[in-house]
Amino acid sequence: MFRISNTLVGALNILSLLLGLAAVGTSAYIHIHRGDDATDCQKVLQYPLLIGGVFVVLVSALGIVGSLCRVNTALYAYLLVTFMVVVGLAFFTIFAVFVTNRKVGQHISGKGYGEYRVADFSHWLQRYVVNDKNWDEVKSCLMDAHVCQNLALNRGRNNDSLIFKHLSTTQSGCCKPPGYCGFIMKNATFWEVPKKGPESNNSDCSRWNNREEKLCYDCNSCKGGVLANIRNQWKHLTIFNACVVVIVTAIYVLGCYAVRNNRSDLRCKHRSRVPCP
């Protein structure tokens, strides 16, 4: 018998099954076609895509079998996993709000960008995002993304007259020396140390390197810019997660109706005298 709730749960899980297969396929492509040539950034994505894709495929398969094939055991397992996903997303959303709630960043007047310090951010972000182990992978992703190319700026000849039309927090920290160093700009990514030396003895001034693969990727200002970008992205992610929680909760409710429908249809089969609703 046709059931709207069963059909909706089945259709939504077919869609999620296709997305899961796409994630698994992307992971397999990176492994097969890239192999040892894959960058650290691509390797970082490979296993989360594989694990997440397999998880989505398995859960979607449970939902499809339970709703369309009317197998309540599979549907119970699907509802249990869905409930855990809802709870996990809710806790992660609350956690992200607390981690990114701190307001940071020093706006540089007239420059169009801000400069950030690692110490301004939560200890969790400092410990797990910009530690020595993870930072090499972050740098690889930044270089793969070419964040320091095609910077829009005016024709100023020194640091004071440098005005970026649009500069992300990551670019402001990684693609130029900090403003307090007082370096003289020669072009977009080439800066000259004043004859009298940097205006500040901050370690970031000595870490700056005009080589394209170096720049200020090892600077604390770069780490601060990346953390600022993560904070901004996580704020958007909390909104997205809230929407996902609502959608998954709706699917969970539909799944509960599908369980009831399966029970009703099962009673109809065993009791032919009982009219099916």
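Residues are numbered from 1 along each chain as its sequence is written, and side-chain values use heavy atoms, with hydrogens and water left out. Because the model is predicted, local features need pLDDT of at least 70 and side-chain atom pairs count only at pLDDT 80 or more, whereas totals for chains, interfaces and linings use all residues.

Rings of Phe, Tyr and Trp (its six-membered ring) are taken to pair if their centres lie within 6.5 Å, with planes under 30 degrees apart counted as stacked, over 60 as edge-to-face and the rest as tilted. By this rule there are 6 aromatic pairs. In one of them, the ring centres of F95 and W124 are 5.1 Å apart and the planes stand at 85°, so the pair is edge-to-face. Since F95 belongs to helix α3 (residues 72-99) and W124 to helix α4 (residues 123-128), this pair ties together parts that are 29 residues apart in sequence; such helices are DSSP runs of H or I with at least four residues, numbered from the N terminus.

W124, partly exposed at a relative accessible area of 29%, also pairs with W234, and because the centres are 5.9 Å apart with planes at 45°, this pair is tilted. It links W124 in helix α4 with W234 in helix α8 (residues 220-270), distant parts of the chain 110 residues apart. W234 counts as buried, at 16% relative accessibility. F92, F95, W124, Y128 and W234 form one aromatic cluster.

Definitions and conventions: Helix = DSSP H or I, 4+ residues; strand = E, 2+ residues; numbered from the N terminus. Buried < 20%, exposed > 50% of the residue type's maximum accessible area, 1.4 Å probe, protein only.
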